[in-house]
Amino acid sequence: MNQPTTSVLLIEDNPGDADLVRLRLVEGQAPVKVNCVNRLADGLASLSVETPSVVLLDLNLPDSRGAETFRKVIEHAPNVPIVVLSGQDDEVLAMKAVHQGVQDYLVKGNLSSKHLDRAIRYAVERQALVRALEMTQKRQLEFKNQFLSHVSHELRTPLTCIHQYVTLILDGLTGPVSPDQHDHLKTVLKSVNQLHAMIRDLLEATRAESGKMRVEPRCISIRELVRQTIAMMKPIADEKHISLETGMERNLPLVHADPDRVLEVLINLVDNAIKFTPQDGTVMLQSNVVEADADFVYVAVSDTGRGISPEAKSLIFERLYQDGDSVDNNRSGLGLGLFICREIVKLHQGRIWVSSERGQGSTFTFTLPIYSLAKLLTPIVAYEGKLRSSFVLVRVDLTPLTSPPRGNWKETWQQALEILRRCCYLDKDLVLPPMGVSGAAETFFVVASTDMERSGVMTSRIRGQLERIPELQSKCTLTISTTPVELPAATAEKTVQQQVQILADCVRDMIVQNMERKPFPAAKAPGSN
Amino acid sequence: MAKPKILVVDDDPDLIRALRLRLRASNYEVTTATDGYTAVAAAQKERPALIILDLGLPVGDGFVVLDRLQSIDALSNIPVIVLSARDPQANEERALKAGAAAFFQKPADNDELMNVIRVSLSPGQQHPVPWPS
């Protein structure tokens, strides 16, 4: 019978050991081809070119030692079985290698060709099994995700029908409705909305689990998102006579986060807090910066409910966790809300946790990375050892004529952003990344180190360039406004940092005002008259 | 003034019935189709002012319908609002690229939907406002 040739990559720096292994291999029953190298780098290079049946690996090589050696080989060729060649005295390390993905190990002193043969065959088989198992698991996960996304789609269709008919009757479009009937239908609608929320959560959790959840961070104001959350949740809180209060630190920095997603987290936490708080309680939203963790903004939602047991605290962010103690048992969901919150916060590199004492209420806190304007502005304030003091803030507003614009503006905004960048001088001007909640309209800010007179040239260039985008021409209005910012004259005691901070504060105020949709005010730099 | 005509395309006749009631109550004339082929034929015959389109349809799904509408000069300017149970993350961008004016996932908020219909039918939409100089 013709046996297939086994190709062996032998990575061994001791010529004596290498010869011995080669000899034992050739003596064996099966036809074998051996490629021997004496450095890890050469081994990895060889693996890039061809895939051997097995790698025989000495762990102590001239260019790599110990665990590092097998980790690099696994990383480089995860699908090739590896057998470690170990000395008499480092079987512990060899065992560790097996735990971390190597197939087997052999002790160099007592190699027989039968032994070696068997070890190689075993390693190849084991690797194939592990791969098959991984494939099955992956396929199962894929199947589960596909199944869930299919189910949630199929559930929506009848739900839409129920929703449509209930609202038809409620809106009085099918004839008069008695107050009692109206009340009953409202209850139906509430259940429909709950079911809808569950379907959404199911899909969202599935996405999070399969790594398909996405966030699009922008520069945003937490204060504004808290305001929106309160506006949305107030009716539910009022119904239960729960007061919603806020405690926001003054001069809260802007954060770098996806506004829609953060709003989702806030609504989820506030909804939970209301759910677990008895009548006449209080739900509090707070935000501040903690000195010990100065790169993040802390956002906390606390309630005056009965608190969470210590056992529940560690499980509460896990999928499908349910607390049986809800004061409103009929409003329990699928147990996916906090899991989704955690995944969203994690995608922003933040943390989320809960602190609570039985009977004292609980506080859910999460962190979001601060958006550092000062860092961005430093290079244009301090240029080649000189401090600049004249700046112009250019604000470019693109407002779609269609409202509410559900069209796909993303690409257009991206195009506009690139054009703005091209209209600027690299070392003088700064186009700030997109700000605020996108969608309804887009606003871009440019900080230009120039005076008002010369900024006219820049704005006409921006206008000219933007007008060339056909999408903008037909579907948007364009407004460009400029505001001068004169920093106080640099003196010995004014450090770069202070100057940058003054400008950053100014820019931040302007952005925040824009986000809160107040009319654009004339920015006034502190210290300038 | 004549009522604006809306073509509602969905393979669920029950949903069509409900939408028809709601749209009529807002003073729109309604015509319907339950599959892709009939939808394009109805658009050609009836020349609606707006189309509400489901994506999962027999005989040519919503994307096929969007393509056909775009390829026919007389129909390519009719605003199409997609109303589908499908995942927006996978379908919204595709639908908008294919020429839809808006994408709503089912079940949609009635007020929002009616608002977009109203805005899409306002005169400014058919004749884009010229770029301000």
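Let's start with chain B, which has six helices and five strands. Follow this chain along its sequence and the elements come in the pattern β-α-β-α-β-α-β-α-β-α-α. Keep in mind as you look around that this is a predicted model. The predictor gives the complex an ipTM of 0.87 and a pTM of 0.65.

How much of chain B is tucked away? Of its 133 residues, 37% count as buried. Take the contacts in chain B with a separation of 6 or more, and 58% of them come from residues 24 or more positions apart. As for confidence, the average pLDDT of chain B is 88, and 91% of the residues score at least 70. The stretch to watch is residues 125-133 of chain B, where pLDDT stays under 50. For that stretch the model has 13 contacts beyond four places in sequence. Where pLDDT is low, the predicted coordinates should not be read in detail.

A cis peptide bond joins Lys106(B) to Pro107(B), with omega at about -10 degrees. Pro107(B) sits in the loop that runs between β5 (102-105) and α5 (110-121) of chain B.

Now over to chain A. Here you'll find 15 helices and 18 strands. Chain A has 529 residues, and 32% of them count as buried. Of the contacts in chain A with a separation of 6 or more, 69% are between residues 24 or more positions apart.

Two helix pairs in chain A are worth a stop. Two packed helices are described by the angle between their axes and the distance between the axes. Begin with helix α2 (residues 40-49) and helix α3 (residues 67-76) of chain A: their axes come within 10 Å and cross at roughly 15 degrees. Angles under 35 degrees count as roughly parallel, so α2(A) is roughly parallel to α3(A). The crossing of this pair is right-handed. On the α2(A) side, the contact is made by Leu40(A), Gly43(A), Leu44(A) and Leu47(A), and α3(A) brings Thr69(A), Lys72(A), Val73(A) and His76(A). Sorted by class, that contact has four nonpolar, three polar and one charged residues.

The other pair is helix α5 (residues 113-170) and helix α6 (residues 179-209) of chain A. They pack at an angle of about 160 degrees, with their axes 9 Å apart. An angle over 145 degrees counts as roughly antiparallel, so that is the label for α5(A) and α6(A). This crossing is left-handed. The contact of α5(A) with α6(A) has 15 nonpolar, eight polar and one charged residues.

You'll find His241(A) in the loop between α7 (222-239) and β7 (243-248) of chain A. His241(A) counts as exposed because it has 10 C-beta neighbours inside 10 Å. Asn251(A), also not a glycine, has a positive phi of about 55 degrees too. The loop between β7 and β8 (255-257) of chain A is where Asn251(A) lies. Is Asn251(A) buried or exposed? With 10 C-beta neighbours inside 10 Å, Asn251(A) counts as exposed.

Finally, turn to Gly456(A), which is part of helix α13 (residues 452-466) of chain A. Gly456(A) counts as partly exposed because it has 13 C-beta neighbours inside 10 Å. Gly456(A) and Thr482(A) are 26 residues apart in sequence, yet C-alpha to C-alpha they are 8.8 Å apart in space.

Key. Residues are numbered from 1 along each chain as its sequence is written. Chains are lettered from A and ligands numbered from 1 in the order in which they are written. This is a predicted model: local features need pLDDT of at least 70, side-chain atom pairs count only at pLDDT 80 or more; totals for chains, interfaces and linings use all residues. Helices (H or I, at least four residues) and strands (E, at least two) are DSSP runs, numbered from the N terminus. A residue is buried if 20 or more other C-beta atoms lie within 10 Å of its own, exposed if 12 or fewer, and partly exposed in between; C-beta atoms are placed from the backbone. Axes are lines fitted to C-alpha atoms, for helices over the stretch in contact, and angles run from 0 to 180 degrees between N-to-C directions. Angles under 35 degrees count as roughly parallel, over 145 as roughly antiparallel, 65 to 115 as roughly perpendicular and the rest as oblique. A crossing is left-handed if the near helix is turned anticlockwise from the far one by less than a right angle, and right-handed if clockwise. Ala, Val, Leu, Ile, Met, Phe, Trp, Tyr, Cys and Pro count as nonpolar, Asp, Glu, Lys and Arg as charged, and the others, Gly among them, as polar. pLDDT is the predictor's confidence in each residue, from 0 to 100. Two residues are in contact if their C-beta atoms, placed from the backbone, lie within 7 Å.
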